[in-house]
Amino acid sequence: QEGANTRKILRLEITSVDRSARAYMAAFARHGWSPRSGVPQQCDAEELWRCFPRGVFDIVHVRNGLDHTVRPMQAIHELVRVTKPGGRMLLWHWWNEHPEAWKGL
C-alpha cells in the first residue's frame, strides 16, 4: 500500500574506472586497506571498448577527467557508447587543468 511512510529501496551497482586503478590497489595493499565497495577497474576513457560492452551503464559520470586524456573526443564517443539508450551522462569539468595544457578540449 502506498502511503506517506512507504520507502522505496534503491540498489545501485557502482563501477569505478580509472587509468591509475592498479596503483591505487597497490597502495591499498601496502597499507592493509581495502575499498569500501567494489574494486576500481583500470581502463583509459578512450579505450572503454576494451573493458565494457555497448550500452552497459544507466548513468555515466566523469568529473575532471577529460582534460587528462590524449584524445578527449574519442573518450566522449566511448562514454556515449557505454551509456544505455535512455541513460544519462554527466560530464563535470573545469577548464583544462592539466599541467601540460593540452588543447584537446
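This section describes the fold, core, cysteines, aromatic pairs and selected residues of a predicted model.

The model is predicted, so local features need pLDDT of at least 70, side-chain atom pairs count only at pLDDT 80 or more, and totals for chains, interfaces and linings use all residues. Residues are numbered from 1 along each chain as its sequence is written, and side-chain values use heavy atoms, with hydrogens and water left out.

The protein chain holds 2 helices and 2 strands. Helices (H or I, at least four residues) and strands (E, at least two) are DSSP runs, numbered from the N terminus. Along the sequence the pattern is α-β-α-β. Buried residues account for 20% of the 105 residues. Buried means under 20% relative accessible area, exposed means over 50%, and partly exposed lies in between (1.4 Å probe, protein chains only). Contact means heavy atoms within 4.5 Å. Among contacts between residues at least 6 apart in sequence, 70% join residues at least 24 apart.

The largest nonpolar core has 10 residues: Cys43, Leu48, Phe52, Phe57, Val60, Val62, Leu66, Ala75, Leu79 and Val82. Such a core is a set of buried Ala, Val, Leu, Ile, Met, Phe, Trp, Tyr and Cys residues joined through side-chain atoms within 4.5 Å. Strand 1 and helix 2 are the elements that give two or more residues to this core. In soluble globular proteins, nonpolar side chains tend to be buried together.

Helix 2 spans residues 72-82, and its buried residues are Pro72, Ala75, Glu78, Leu79, Arg81 and Val82. These buried residues pack against strand 1 (57-63) and strand 2. An α-helix has 3.6 residues a turn, so residues three or four places apart point the same way. Beyond its neighbours within four places in sequence, Leu48 contacts Val17, Cys43, Glu78, Leu79, Arg81 and Val82.

Thr83 belongs to strand 2 (residues 83-92). Thr83 is buried, at 12% relative accessible area. Its side chain reaches the backbone oxygen of Leu79 at 2.7 Å. Leaving out residues up to four places away in sequence, Thr83 touches Gly55, Phe57, Asp58, Val60, Arg88 and Met89.

The disulfide count is 0. A disulfide is a pair of cysteine sulfur atoms within 2.5 Å. Cys43 is in no disulfide, and the nearest cysteine sulfur, that of Cys51, is 3.0 Å away. That distance is too far for a bond. Cys43 is buried, at 8% relative accessibility. Cys51 is partly exposed, with a relative accessible area of 32%.

The whole structure contains 2 aromatic pairs. Rings of Phe, Tyr and Trp (its six-membered ring) pair if their centres lie within 6.5 Å; planes under 30 degrees apart count as stacked, over 60 as edge-to-face and the rest as tilted. Phe28 and Trp33 form a tilted pair, because their planes stand at 55°, with ring centres 6.5 Å apart. Phe28 is partly exposed at 24% relative accessible area, whereas Trp33 is exposed at 54%. Phe52 and Phe57 have planes at 65° and ring centres 5.1 Å apart, so this pair is edge-to-face. Phe52 is buried, at 9% relative accessibility.

A charge also meets a ring. The charged end of Arg63 sits over the ring of Trp92, 4.2 Å from its centre. This label applies if NZ of Lys or CZ of Arg is within 6 Å of the ring centre and within 35 degrees of the ring normal.

Asp18 lies in the segment before helix 1 (21-31). Asp18 is partly exposed, with a relative accessible area of 25%. Its side chain reaches the backbone nitrogen of Ser20 at 2.6 Å. A polar contact of 3.4 Å links the side chains of Asp18 and Tyr24. A polar contact is a pair of N or O atoms within 3.5 Å; within protein, one must be able to donate a hydrogen and the other to accept it, and residues adjacent in sequence count only if both atoms are side-chain atoms. Not counting residues up to four places away in sequence, Asp18 touches Tyr24, Gln41, Gln42 and Cys43. Asp18 and Cys43 are 25 residues apart in sequence and 5.9 Å apart in space, C-alpha to C-alpha.

Trp94 falls in the segment after strand 2. Trp94 is exposed, at 54% relative accessibility.
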